Amino acid sequence: MELQVGNKTIECVKGDITHQPDCDAVVNAANAQLQIGGGVAGAIHKAAGPELARECRPMAPISPGQAVISGGHQLPNEHVIHCLGPVYGRDKPEDELLAQCHRNAIDPAEQHQLQSIAFPALSTGAFGYPLEEAAPVALNATKEALANAQYPQHVRFVLFGQKDLNVFEEHLRKL
Ligand code: AR6
């Protein structure tokens with residue numbers, strides 16, 4: 001499902017964040033050290049190869065809400081934008097930090113003039129943010145950031161399961 005926001009589009013799909021070859025960048029649900037982890041970070045580092053962790057080392061550590069950009073290495077994408085989402089119940093206020101992640105991920109896309117970026121549902125796995133709460137925060141922050149930027153033109157949210165996709169689509173309709 002896709003929503004037109006001004007001259008930009010926000011799309012929600014079911015899929016794997018490492019299989020988005022038509023996007024200029026994918027967003028990593030990173031850890032503070034920007035090293036291989038579980039979930040999205042595990043899949044992205046595995047697909048990108050060990051050079052990704054090597055490139056990221058000098059940029060670490062990052063703090064909740066922050067985003068940094070690297071090359072995509074063996075991924076089909078030119079760049080990876082690494083975001084550290086808030087740990088639910090620990091990094092507060094969670095909603096503001098999660099919104100910051102989305103705004104801060106769009107900043108480097110603007111600087112590098114990237115047409116399209118793909119986000120996973122940041123913080124909703126190991127970091128415990130309930131997906132139903134995270135979806136409106138992620139979508140609203142993205143919509144606002146896109147309104148103030150020239151790039152990216154297209155943002156895709158890649159959800160791992162049908163249930164998660166349904167929740168994102170429900171909130172996308174309300175935007
Ligand atoms: N493609 C798309 N979505 C995925 C994929 C995938 N390949 N794999 C998992 N998801 P998580 P976080 C979904 O845990 O909560 C790591 O260990 C998953 O179902 O990757 O921000 C890092 O090292 C969930 O909805 O990220 C950090 O320490 C969402 O992506 C920590 O976990 C995010 O799950 C980050 O935790």
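This is a predicted model: local features need pLDDT of at least 70, side-chain atom pairs count only at pLDDT 80 or more; totals for chains, interfaces and linings use all residues.
Helices and strands here are DSSP runs, numbered from the N terminus, with a helix holding at least four residues and a strand at least two.

The phi of Leu34 is near 60°, a positive value in a residue that is not glycine. That deserves a second look, because most residues other than glycine have a negative phi. Leu34 counts as buried because its relative accessibility is 1%, and buried means under 20%. Gln113 sits in the loop between α3 and β6 (116–119).

Most peptide bonds are trans, but the bond joining Ala60 and Pro61 is cis, with omega at about 0°. Pro61 belongs to the loop that runs between α2 (51–56) and β4 (67–71). A cis bond also joins Lys92 and Pro93, and here omega is about -5°. To locate Pro93, look in the loop between β5 (79–83) and α3 (94–111).

Now to the cysteines. How many disulfides does the model contain? The count comes to zero, where a disulfide would need a pair of cysteine sulfur atoms within 2.5 Å. For Cys12, the nearest cysteine sulfur is that of Cys23, 13 Å away, and Cys12 is in no disulfide. Cys101 is in no disulfide either; the nearest cysteine sulfur to it belongs to Cys83, at 4.8 Å. Are these two cysteines buried or exposed? Cys12 counts as buried because its relative accessibility is 1%, and Cys101 counts as buried because its value is 0%.

Finally, let's turn to open space. Rolling a probe the size of a water molecule over the atoms shows where empty space is left. The largest pocket holds about 590 Å³ of space. Its lining is made up of 27 residues, and those nearest the pocket centre are Ala29, Gly39, Val40, Gly125 and Ala126. Which element supplies the largest share of this lining? That is α1, with four residues. Both α1 and β7 (154–159) supply at least two lining residues each. By residue type, the lining of the largest pocket divides into 16 nonpolar, nine polar and two charged residues.

How values were computed:
Residues are numbered from 1 along each chain as its sequence is written. Side-chain values use heavy atoms; hydrogens and water are left out. Buried means under 20% relative accessible area, exposed over 50%, partly exposed in between (1.4 Å probe, protein chains only). On a 1 Å grid over the protein atoms alone, a cavity is a set of points where a 1.4 Å probe fits but cannot get out, and a pocket is an open set with protein on both sides within 12 Å along at least five of seven lines; lining residues have an atom within 4 Å of a point. Grid points are joined across faces, edges and corners, and a volume is the space filled by probe spheres set on the points. Ala, Val, Leu, Ile, Met, Phe, Trp, Tyr, Cys and Pro count as nonpolar, Asp, Glu, Lys and Arg as charged, and the others, Gly among them, as polar.
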